[in-house]
Amino acid sequence: MRGAVMHAPGDVRVEERQDPEIVAPTDAIIRLPATCICGSDLWPYRGVEAIDGPSPVGHEYVGVVEEVGSEVKTIKPGQFVIGSFFASDNTCEICQAGYQSSCIHREPIGTLGAQAERLRVPLADGTLVATPGTPSDDLIPSLLAASDVLGTGWFGAAAAEAGPGKTVAVVGDGAVGLLAVLAAKQLGAERIIAMSRHEPRQRLAREFGATDIVTERGDEGVAKIKELTGGLGAHSVIEAVGTQESMMQAIRSTRPGGHVGFVGVSHGVELPGLELFFSHVHLHGGPAPVRQYLPEFIDLIWNRRIDPGKVFDLELPLEQAAEGYRAMDERRAIKVLLRP
Ligand SMILES: [Zn+2]
């Protein structure tokens, strides 16, 4: 089959890869009608994260089940399914508490390489959720978004305790930040401030429910959030970047007693203890337990109540994955959908 392989920073090639096979009796093999490139794939692409030789890439997927292992009970060939970037049993105590991305049996999908024609999904019964039927083609981008970016933005908003009566600020205007705006809106937030200096992203943020746009960043961004909130700061702030600057911007934009939901993959972030001590801010975040939200997402998307697939502003054949990476790296595209 064809699949994307990252050879070195800036070097992604689509080449012939071995077809996936059932390895454990709990595996499923799915065929992917669409896959996509994640902002987190840009960390190794930019050389910020080391690459250990040529590696298959991609961890976002939807697809049709082709084959299941002998111990798979609920997932059946022919079903259209969605899973997330960590396979999980969905039965251990950690999963039952809603933290499937820290499942005691979790397995990362990224190393299996979802930017390909087919994918092996471990722990199929726990990991995959079937849609009510075969989706029409126009629903596929939104269902694919549910696999990671929507779930990550949603977890950010939930961890920041976005809800009725709350003022929510979102640091980061990538796909995750934009979908955190959508999530905050769905969770009933009263006011949603998107921090972005890019006009097309501002427009999408407004479509998803942002009431205010702040173009300043760093200390100036913090000052602007304070100005908009009577000097107090926001109740809920979502950090969707993962840098020192964005994390401090999030913490300093939050009022005492407020909550930061941090979902940008942290790179080189160090928190100043004394400032944190006096901030009175709650911090919660990490890799989103997307599996927890999949049944709700499928319902919302199937009934066309949300359209998170709008974050895909460039669609390419899988064969042109390299151009997709370049477009996201250069911020010419918010998020790239690939069609195998
Ligand atoms: Zn588990």
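Analyst: Four donors count as tetrahedral if all angles lie between 85 and 135 degrees. The model to which this is applied here is a predicted one.

User: Why is the site of the zinc ion called tetrahedral?

Analyst: The angles among the four donor atoms of the zinc ion run from 94 to 124 degrees, and because the criterion asks for all angles to lie between 85 and 135 degrees, the site is classed as tetrahedral.

User: What makes Asp89, Cys92, Cys95 and Cys103 donors of the zinc ion?

Analyst: A donor is an N, O or S atom within 2.8 Å of the metal, and the OD atom of Asp89 and the SG atoms of Cys92, Cys95 and Cys103 lie 2.1 to 2.3 Å from the zinc ion, so they meet that limit. Along the sequence these donor residues follow the spacing D-x2-C-x2-C-x7-C. Asp89 belongs to the loop between β7 (86-87) and α2 (93-96), while Cys103 belongs to the loop between α2 and β8 (107-108), so the pair ties together parts that are 14 residues apart in sequence.

User: How do you know whether Asp89 is buried or exposed, and what about Cys103?

Analyst: Buried means under 20% relative accessible area; Asp89, at 14% relative accessibility, therefore counts as buried, and Cys103, with a relative accessible area of 3%, is buried as well.

User: Why is Glu199 called partly exposed?

Analyst: The label partly exposed covers what falls between the 20% limit for buried and the 50% limit for exposed, and Glu199 has 44% relative accessibility, so it counts as partly exposed. Glu199 is found in helix α7 (residues 199-208).

User: What makes the approach of Glu199 to Arg203 a polar contact?

Analyst: The limit for a pair of N or O atoms is 3.5 Å, and the side chains of Glu199 and Arg203 make their polar contact at 2.8 Å.

User: How do you know that Arg106 lies over the face of Phe86?

Analyst: For Arg, the CZ atom has to be within 6 Å of the ring centre and within 35 degrees of the ring normal; Arg106 is placed at 4.3 Å from the ring centre of Phe86, and is listed as lying over its face.

User: Why are β2 and β4 described as standing at the edges?

Analyst: The open sheet of three strands has the order β2-β1-β4, with antiparallel pairing. β2 (11-16) and β4 (55-56) each have a single partner strand, so one side of each is left without a neighbour in the sheet. Pairing requires at least two bridges, and six bridges join β1 (residues 2-8) to β2.

Technical notes: Residues are numbered from 1 along each chain as its sequence is written. This is a predicted model: local features need pLDDT of at least 70, side-chain atom pairs count only at pLDDT 80 or more; totals for chains, interfaces and linings use all residues. Side-chain values use heavy atoms; hydrogens and water are left out. Donors are N, O and S atoms within 2.8 Å of the metal (3.2 Å for Na, K and Ca); water is not among the atoms, so sites may look incomplete. Four donors count as tetrahedral if all angles lie between 85 and 135 degrees; four count as square planar and six as octahedral if opposite donors are over 155 degrees apart and all others between 65 and 115; anything else is irregular. Helices (H or I, at least four residues) and strands (E, at least two) are DSSP runs, numbered from the N terminus. Buried means under 20% relative accessible area, exposed over 50%, partly exposed in between (1.4 Å probe, protein chains only). A polar contact is a pair of N or O atoms within 3.5 Å; within protein, one must be able to donate a hydrogen and the other to accept it, and residues adjacent in sequence count only if both atoms are side-chain atoms.
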